[in-house]
Amino acid sequence: MAQLQWRIRTRNGWTPDSYTADQAADGIIAVAAGDVVRSVFARTRVVFNGSGTAAIIIVGDDGDTDRFLADGNMDETTTGLYMGLGGSASNYLALGKHLYTAANNIDVGFTANTAGTRTTGTVDFLCEVAKLPL
């Protein structure tokens, strides 16, 4: 029996277009039909700050905007490495979180901090992807 060959795909140095406006569906990693995504990690290199409601980062796709990393899975105001749990943990596959049957993009969504002197942070994203024959 063949084993899946997990490969790491990354997007380093992601920063939102604007720290004062929300941003949705910024395609950070392309996936193809037959790709299985297992884990998604976010590493905060430079923190996001401000005095209002904290910035929020989610990671998903056009079918589920927080499939891989949901609000609360990471602390945008503290540097560190965070594993995405997603917003629908009960839907995980035995060998990964999601099987793509058509080409798509893994997207990051950003909700801006609401007040004060705001500083835009920087995040690295890493995901494990394997090809499953369809």
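The protein chain has zero helices and nine strands, where helices (H or I, at least four residues) and strands (E, at least two) are DSSP runs numbered from the N terminus. Read from the N terminus, the order of elements is β-β-β-β-β-β-β-β-β. The model is predicted: local features need pLDDT of at least 70, side-chain atom pairs count only at pLDDT 80 or more, and totals for chains, interfaces and linings use all residues. Residues are numbered from 1 along each chain as its sequence is written, and side-chain values use heavy atoms, with hydrogens and water left out.

Strand β9 covers residues 122-131. Two strands count as paired if DSSP finds at least two bridges between them. The table lists two pairings of β9.

| Strand | Residues | Bridges to β9 | Direction |
|---|---|---|---|
| β1 | residues 7-14 | six bridges | antiparallel |
| β3 | residues 35-46 | nine bridges | antiparallel |

Within β9, Leu126 lies opposite Thr10, and Thr122 is the bridge partner of Val46.

For the chain as a whole, 41% of the 134 residues count as buried. Among contacts (heavy atoms within 4.5 Å) with a separation of 6 or more, 79% are between residues 24 or more positions apart.

Key
Buried means under 20% relative accessible area, exposed over 50%, partly exposed in between (1.4 Å probe, protein chains only).
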